[in-house]
Structure formats: C-alpha cells, structure tokens
Amino acid sequence: MITIRPVRPEDVDCVAAIEAICFPPAEAAPWGALKERIAVFPECFFIAETVGIPIGFINGCITNSSVIYDELFHSTQHHVPNGKNLAVFGLDVLPEYRRQGVAAQLMNHFIQTAKNDGRSSVILTCKDQLVHYYESFGYLNKGISKSTHGGSRWFDMILTFD
Ligand SMILES: CC(C)(COP(=O)(O)OP(=O)(O)OC[C@H]1O[C@@H](n2cnc3c(N)ncnc32)[C@H](O)[C@@H]1OP(=O)(O)O)[C@@H](O)C(=O)NCCC(=O)NCCS
C-alpha cells in the first residue's frame with residue numbers, strides 16, 4: 001500500500017538520493033536546495049512511501065506567476081505564502097515503483113491540497129513526452145516555456161480551478 005504524507009526534515013537525504021536517480025545532474029535539485037525547500041515551505045512537499053520507505057515525492061512552492069520561471073527553482077525567496085498558484089518543481093518515483101500510479105497519487109494529492117488551500121491553479125513545466133500524461137489530470141498545454149532549466153525544452157502546463 002502506498003501512503004502520501006507531508007515531508008519531514010529528516011527525509012532530506014532520502015529525497016536527494018531519489019532526485020539524483022530520477023533526473024540528470026543538470027536538472028536534479030541538489031541536496032542543499034531540497035533541504036532549504038523543506039525548511040521554508042514544507043507545506044508544498046509530499047512523500048510517497050510504502051512500508052515506511054520513501055519511494056517518490058512531489059514538491060513545489062506558491063507563486064502569483066501563472067508560469068514557472070527558472071529563479072523559482074533556485075531561491076526560496078520567490079515563494080509567496082498567500083499566492084494564487086501552486087507550482088510543481090518536480091515529481092519523482094523510483095524506477096522500480098513506476099507505472100503503478102504512484103505519481104498519479106502524488107499529483108492528485110497536490111491538486112487537492114491546492115484546492116483545499118483556495119489556490120486558483122496548479123502550474124508545472126514538463127518535457128514533450130509527458131504533456132499527454134499531465135493533460136490526463138486536466139492540465140492545459142500553454143506551449144513552449146521560457147524556462148531553459150537544465151538546457152532542455154519545456155512546456156508550460158496549467159490546471160485552473162473553477
Ligand atoms: C514521470 C514519473 C514521475 C511517472 O511516475 P509513475 O509513478 O510511473 O507514473 P504513473 O504510474 O502515475 O503513470 C505512468 C504513466 O506516465 C506516463 N509516462 C511516464 N513516463 C513516461 C515517459 N518517459 N514517456 C511517456 N510517458 C510516460 C505514461 O502515460 C505512463 O502510463 P503507461 O504506463 O500506461 O504508459 C516517473 O517516471 C519519474 O520519476 N520519471 C523521472 C522524473 C521525471 O521525469 N519526472 C516528471 C517531470 S517533473
């Protein structure tokens with residue numbers, strides 16, 4: 001059984017290890033950035049675990065911007081606690097636990113959190129091959145993002161609540 005729970009400070013080593021497995025070095029958030037995010041806005045960070053072992057996570061911040069911009073990744077100062085939109089920085093699931101809906105559980109939890117907190121939307125950037133996956137949650141593709149994070153091409157996606 002998979003459980004989704006809020007992050008805890010002691011998760012940082014595990015989370016950094018999962019991030020390094022899931023993303024290439026140019027895209028992976030380093031240990032220090034993850035530690036700071038967990039310290040400053042833990043309410044935007046959730047862990048998926050099975051039998052008490054973390055196997056994936058979703059994290060982000062709050063912003064009034066309707067699109068992700070690269071500075072959001074690099075400084076926790078861009079977090080606006082009472083902002084309109086919940087931004088997704090990363091969605092990670094360890095390879096051996098993929099294709100069982102773990103990421104979907106994390107995403108649905110994140111979306112529900114945004115709704116419960118009265119946000120207007122959830123925003124994210126993703127690569128071409130995952131556009132259809134996020135569309136399945138109701139996200140709209142706004143086209144190519146200004147983000148050049150890790151030197152890749154990204155698409156801006158937004159899920160707006162009525
Ligand atoms: C993307 C990721 C989070 C999905 O995790 P997951 O738990 O396997 O996701 P789910 O089980 O909810 O959904 C699986 C679906 O995602 C889509 N998907 C996942 N990876 C894909 C890829 N590389 N290309 C195309 N579709 C993909 C498919 O639709 C897949 O469904 P299928 O198994 O029927 O083909 C996981 O593969 C991962 O951690 N990847 C590396 C990090 C990453 O790219 N994160 C997303 C960008 S922020």
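**View 1. Both faces of strand β2 are covered in this predicted model.** F45, I47 and E49 on one side and F46, A48 and T50 on the other are all buried (under 20% relative accessible area, with over 50% counted as exposed and partly exposed in between; 1.4 Å probe, protein chains only). In a regular strand, side chains alternate between the two faces of the sheet. Strand β2 spans residues 45-50, and six of its six residues are buried. Strands, like helices, are DSSP runs numbered from the N terminus (strands E, at least two residues; helices H or I, at least four). The model is a predicted one, in which local features need pLDDT of at least 70 and side-chain atom pairs count only at pLDDT 80 or more, while totals for chains, interfaces and linings use all residues. Residues are numbered from 1 along each chain as its sequence is written, and side-chain values use heavy atoms, with hydrogens and water left out.

**View 2. Strand β2 pairs with β1 and with β3.** Two strands pair if DSSP finds at least two bridges between them. Strand β1 (residues 3-6) runs antiparallel to β2 and is joined to it by four bridges; P6 has F46 of β2 as its bridge partner. Six bridges link β2 to β3 (residues 53-63), also in the antiparallel sense, and F57 in β3 stands opposite I47. The hairpin of β2 and β3 has two residues between the strands, and V51 in this hairpin takes a positive phi near 40°.

**View 3. Strand β5 pairs with β4.** Three bridges connect β4 and β5 in the parallel sense, with L86 opposite V122 in β5. Strand β5 covers residues 121-126, and six of its six residues are buried. S121, I123 and T125 point one way, whereas V122, L124 and C126 point the other way.

**View 4. The shell around the ligand.** There are 17 residues around the ligand (a heavy atom within 4 Å), of which L91, V93, R99, G101 and Y133 come nearest. β4 (85-93), α4 (102-116) and α5 (131-135) each supply at least two residues of this shell.

View 5. A polar side-chain atom of R98 lies 3.3 Å from a ligand oxygen atom. A polar backbone atom of Q100 is 3.3 Å from an oxygen atom of the ligand, and for a backbone N or O atom of A103 the distance to a ligand oxygen atom is 3.0 Å. The protein covers 71% of the 910 Å² of accessible area (Shrake-Rupley method, 1.4 Å probe) that the ligand has on its own.

Key
A polar contact is a pair of N or O atoms within 3.5 Å; within protein, one must be able to donate a hydrogen and the other to accept it, and residues adjacent in sequence count only if both atoms are side-chain atoms.
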